[in-house]
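I opened a new notebook page for this protein.

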Amino acid sequence: MRRFPPLDPAARRVLAFNFTADLAPGDTLSGATVTAALQAGSDETPAQILVGLPAIDGARVLQLATGRADDNAYTLKCIASTTAGEVLTLTAVITMQEGA
């Protein structure tokens, strides 16, 4: 599972899910969703780490994330559909770290 660099609780950052290796030649991304689940720590609303909707940029899905409580860790799952009808997934973990 991929790990994003830690995020300071007071920061916001665009996270990129890169599907380049998973796309067949000539296939492109046509839609995507990103979900969040708490992996460690305490957070009654883990989905609030995600700000707005994901955007497609070529073979990447971009999602803005905002900091949450220090030392919390989240599992983020990106599900992307392609113009050829495939459904691709990437999962990553991000940890909140003061001073990151």
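**Whole chain**

I began with burial: buried residues make up 35% of the 100 residues in the protein chain. Buried means under 20% relative accessible area, exposed means over 50%, and partly exposed lies in between (1.4 Å probe, protein chains only). I noted that the model is predicted, so local features need pLDDT of at least 70 and side-chain atom pairs count only at pLDDT 80 or more, while totals for chains, interfaces and linings use all residues. Residues are numbered from 1 along each chain as its sequence is written, and side-chain values use heavy atoms, with hydrogens and water left out.

I looked up the overall dimensions next. Along the principal axes, the C-alpha atoms fill a box of roughly 40 × 25 × 20 Å.

Then I checked contacts, meaning heavy atoms within 4.5 Å. Among contacts with a separation of 6 or more, 68% are between residues 24 or more positions apart.

**Strands and sheet**

How many helices and strands does the chain have? I found zero helices and seven strands. Both are DSSP runs numbered from the N terminus: helices are H or I with at least four residues, strands are E with at least two.

I traced an open sheet of four strands, in the order β1-β7-β6-β3, with mixed pairing. β1 (2-3) and β3 (29-40) stand at the edges with a single partner strand each, so one side of each has no neighbour in the sheet. Two strands pair if DSSP finds at least two bridges between them. β3 and β6 (residues 73-82) run antiparallel and are joined by 10 bridges. In this pair, L38 stands opposite Y74 of β6.

**Two residues**

Is L88 buried or exposed? L88 is buried, at a relative accessible area of 10%. I located L88 in strand β7 (residues 87-95). Leaving out residues up to four places away in sequence, L88 touches F19, D22, L23, L29, C78, I79, A80 and T82. F19 is 69 residues from L88 in sequence, yet their C-alpha atoms are 7.9 Å apart.

I turned to D71, in the loop between β5 (60-66) and β6. D71 is exposed, with a relative accessible area of 57%. Its phi is near 75°, a positive value in a residue other than glycine.
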